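Open the model in your viewer and keep the selection panel at hand. The stops below say what to select and what is there.

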Amino acid sequence: MKLLSTAPTLLLCLAPLSASARSISFFDSAQAPITAESFPVKGNNPLEYCSDPSGNVLEIESVDLSPNPPLPGQTLTINAKGNLKERVEEGAYVALEVKYGLITLIKQTADLCEQIKNVDLECPLEEGNMTLTKQVDLPSHIPPGKYNVHADVYTKDGKKITCLDAHNIEFKIRS
């Protein structure tokens with residue numbers, strides 16, 4: 001469950017058209033290839049918004065991770081600043097998916113108010129500016145490889161608080 005708290009800490013990218021597809025006559029126009037627009041979260045982190053965040057309840061000003069990337073067996077420090085545009089009450093939830101390569105390790109929906117206790121907050125979260133500083137001791141036995149995290153966060157009424165992705169977080173064997 002501690003992993004949930006690091007997923008404010010979290011998939012869709014349209015790949016440019018391949019060269020072989022361009023050989024088909026209707027792709028030979030002057031039209032630019034289709035690419036996904038990215039919405040990176042400001043700060044020293046691997047986070048991106050899933051889509052344009054302008055309508056989200058949470059406006060994230062910055063998220064800084066130290067170290068970035070996180071290292072097994074070390075303490076991860078998370079510093080985040082943001083602004084809640086409205087009060088978040090009991091019943092808010094997070095849908096979290098964590099993948100190791102193509103393998104889904106976690107796919108669950110959890111009560112946001114239960115999870116934010118892991119970062120020393122509690123519901124209701126009042127409208128206004130927020131800051132968060134949290135240290136998380138990462139286990140030393142995280143299997144090496146690339147991880148992807150996707151987190152959709154909603155109010156009790158289903159309004160999007162935020163949606164975050166973290167792509168290709170790589171844990172390496174410590175030397």
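Start with Asp 165, which sits in strand S9, residues 160-171 (strands are DSSP E runs of at least two residues and helices H or I runs of at least four, numbered from the N terminus). The model is predicted, so local features need pLDDT of at least 70 and side-chain atom pairs pLDDT 80 or more, while totals for chains, interfaces and linings use all residues. Residues are numbered from 1 along each chain as its sequence is written, and side-chain values use heavy atoms, without hydrogens and water.

Asp 165 is buried but has no salt bridge (buried: under 20% relative accessible area, 1.4 Å probe, protein chains only; salt bridge: a Lys or Arg side-chain nitrogen within 4 Å of an Asp or Glu carboxyl oxygen). The nearest side chain of opposite charge is Lys 160, 9.6 Å away.

Next, select Ile 161. Among the residues it touches are Val 88, Leu 112 and Val 153 (heavy atoms within 4.5 Å).

Last, go to Asn 45, in the loop between strand S1 (39-40) and S2. Why does Asn 45 count as buried? Because its relative accessibility is 12%. Its side chain reaches the backbone oxygen of Lys 42 at 3.2 Å, and one of its side-chain polar atoms lies 2.7 Å from the backbone nitrogen of Leu 47.

Methods. Buried < 20%, exposed > 50% of the residue type's maximum accessible area, 1.4 Å probe, protein only. Lys, Arg positive; Asp, Glu negative; His and termini not counted. Polar contact = N/O pair within 3.5 Å; in protein donor to acceptor, adjacent residues only side chain to side chain. Lists of a residue's contacts leave out its neighbours within four places in sequence.
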